[in-house]
Amino acid sequence: MSPSTGFDPALLRSIAERVGTPTYVYSGNLIRAQYHALHDALKDVPHRICYSVKANGNIGVLKVLKALGAGADIVSVGELRRALAAGFEANSIVFSGVGKTASELEEAIRAGVGFLNVESPAELDTVIAVARKLKQRASLGIRVNPDVATETHPYTKTGEKTAKFGVPYDEVVSVAQRVAAESLFTLRGLAMHLGSQITDVEPYHRGTVKLLELVTALRASGIGTIEALDVGGGLGVRYHNEKAPSPRDFADAVAPPINQAGLALLCEPGRYLVANAGVLITKVLYRKHAGGKDFVVVDAGMTDFVRPSHYNAHHEIVPLKDGNRPEELVNVVGPICESGDFLALDRKLPAVEAGEYLAVLGTGAYGFVVRRTSTARSIPPRAARTSASSSSSPRKASFSRADPTRCSTRARRRPIRSSWSSVPRFSPSAMACSSWPIWRAAR
Ligand SMILES: Cc1ncc(COP(=O)(O)O)c(C=O)c1O
């Protein structure tokens with residue numbers, strides 16, 4: 001592996017040998033660096049960073065973020081349970097999602113989540129019915145559809161009026177009045193989430209201004225309970241040659257108007273915090289030449305990491321073996337029986353051989369969590385270094401392990417808890433977090 005990446009290839013190799021491949025490995029230190037950069041940029045406004053659990057729900061990763069002081073942003077009761085299991089206080093949890101069921105709402109209200117974000121008038125009917133049945137108070141937010149466009153992949157745009165997300169802008173005041181009329185509810189905030197992998201901060205500013213216009217309208221109508229504006233997640237990262245916004249750019253776009261209105265700021269980053277804190281290690285199974293193409297067949301497929309085949313996303317791939325080798329143009333493909341099963345097409349890589357390990361970079365977000373099962377393949381294990389120590393010694397490092405390789409059919413039968421409950425304690429060989437390139441994640 002090129003030394004300029006800052007990874008310690010020997011440590012990654014030793015993890016691969018210890019737990020097998022494909023394997024996800026996460027760095028607590030890189031997550032901390034990202035968190036601190038954003039936290040510092042927002043220091044002039046009262047704020048809370050609510051980590052979006054959907055990006056990576058690994059319990060070790062959640063514990064790192066909880067210890068930093070983050071809240072959590074969730075979209076299902078499964079994520080609620082994981083967040084609570086990792087130690088997040090219910091009051092620090094934001095729960096969004098267009099299709100929350102009555103039983104999910106019940107569990108969330110019983111737990112006392114901090115911001116139960118209503119996404120439609122119809123959902124509010126159910127929230128009212130559930131709260132009345134429980135006779136329990138609830139803290140509500142309204143997820144607003146601000147009708148703000150973003151330049152990102154069409155599948156990850158969520159803030160335009162044609163999207164399924166959020167209460168339509170012109171219906172927000174009437175929904176808020178219904179919430180305010182219910183004695184069991186407190187309307188604590190307005191929220192938006194514009195999309196994911198957003199590389200321009202201007203839409204955040206426009207959306208924030210639109211939310212503040214609503215706050216003014218609500219105050220004028222006698223609703224003065226709004227404490228915070230939640231500007232959502234979506235901050236883009238640099239995977240390849242993208243120009244990711246800095247935390248300071250983001251803060252400048254959203255913090256001043258929120259501060260001026262005397263409100264606190266919530267945000268829900270997922271990818272920004274964890275994407276570049278994770279690698280997927282895969283082993284080269286075979287080399288193959290066919291139809292004028294050179295193939296590198298590896299043991300990680302689209303079922304383990306879907307972003308290249310689903311979004312045509314570019315992820316850097318680096319060999320873990322030292323040595324200068326000539327470069328060649330190859331397709332890095334997985335073992336699944338579909339031609340769409342690839343990690344990289346027409347990619348320049350040093351000439352790699354069967355049996356060696358490759359690291360797929362930038363796989364900490366939307367990697368393991370959106371894996372699929374197919375052809376009865378096993379699920380990749382994960383090794384997360386969760387201690388703050390910078391030691392690179394395998395003996396001293398502390399890791400948590402979740403999702404030991406298991407048969408996919410068994411995992412399906414136990415969908416919610418199978419990936420983290422009753423897993424053995426694990427302390428495999430370490431990964432040199434201290435030598436990971438902070439700039440990679442922080443840019
Ligand atoms: C409501 C909500 N908040 C936050 C996020 C996190 O987005 P990202 O990982 O791009 O920061 C998402 C993801 O799409 C989301 O749907």
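Two residues are taken to be in contact if their C-beta atoms, placed from the backbone, lie within 7 Å. Among contacts in the chain between residues at least 6 apart in sequence, 74% join residues at least 24 apart. The model is a predicted one, in which local features need pLDDT of at least 70 and side-chain atom pairs count only at pLDDT 80 or more, while totals for chains, interfaces and linings use all residues. Residue numbers start from 1 along each chain as its sequence is written.

The chain holds 13 helices and 18 strands, where helices (H or I, at least four residues) and strands (E, at least two) are DSSP runs numbered from the N terminus. Of the 443 residues in the chain, 50% are buried. A residue counts as buried if 20 or more other C-beta atoms lie within 10 Å of its own, as exposed if 12 or fewer do, and as partly exposed in between, with C-beta atoms placed from the backbone.

From E9 the chain passes through helix H9 (residues 247-260) to E10 in a right-handed β-α-β crossover. Right-handed here denotes that, with the strands pointing away from the viewer, the path from the first strand over the helix to the second runs clockwise.

The ligand is surrounded by 18 residues, a residue being near a molecule or strand if its C-beta atom, placed from the backbone, lies within 6 Å of it. The closest are Ser52, Ser196, Gly233, Gly270 and Arg271. By class, this shell consists of five nonpolar, nine polar and four charged residues. In this scheme Ala, Val, Leu, Ile, Met, Phe, Trp, Tyr, Cys and Pro are nonpolar, Asp, Glu, Lys and Arg are charged, and the others, Gly among them, are polar.

Helices H4 and H5 each contribute to the cover of the other's buried residues. In H4 (residues 77-85), the buried residues are Val77, Glu79, Leu80, Arg82 and Ala83. Their cover includes helix H3 (59-68), strand E3 (71-74), strand E4 (93-95) and helix H5 (102-111). Gly87, which follows H4, has a positive phi near 105 degrees. In H5, the buried residues are Glu104, Leu105, Ala108 and Ile109. Viewed down the axis of H5, these residues fall within an arc of 130 degrees and therefore line one face of the helix; the arc is that of the directions from the helix axis to the C-beta atoms. The cover of the buried residues of H5 includes H4, E4, strand E5 (115-118), helix H6 (121-134) and strand E6 (138-145). Just after H5, Gly112 adopts a positive phi of about 85 degrees.

Strand E16 (residues 357-361) is largely enclosed by the rest of the structure, because five of its five residues are buried. In a regular strand the side chains alternate between the two faces of the sheet. In E16, Tyr357, Ala359 and Leu361 point one way, Leu358 and Val360 point the other way, and all are buried. Strand E11 (residues 278-290) pairs with E16 in the antiparallel sense over five bridges, and Leu280 is opposite Val360. Strand E13 (residues 317-319) is also antiparallel to E16, over three bridges, and Val360 is the bridge partner of Ile317.

Several local backbone features were noted. The peptide bond from Thr21 to Pro22 is cis, with omega near -5 degrees, and Pro22 lies in the loop between helix H1 (9-19) and strand E1 (23-27). Positive phi occurs in Asp147, near 55 degrees, and in Asp346, about 45 degrees, although Asp346 is not a glycine. Asp147 is located in the loop between E6 and strand E7 (167-168) and is partly exposed, with 18 other C-beta atoms within 10 Å. Asp346 belongs to strand E15 (residues 342-350) and counts as exposed, having 10 C-beta neighbours inside 10 Å.

Ala181 is part of helix H7 (residues 172-181) and counts as exposed, with 10 C-beta neighbours inside 10 Å. Ala181 and Ile223 are separated by 42 residues in sequence and by 9.9 Å in space, C-alpha to C-alpha.

Key:
Pairing = 2+ DSSP bridges.
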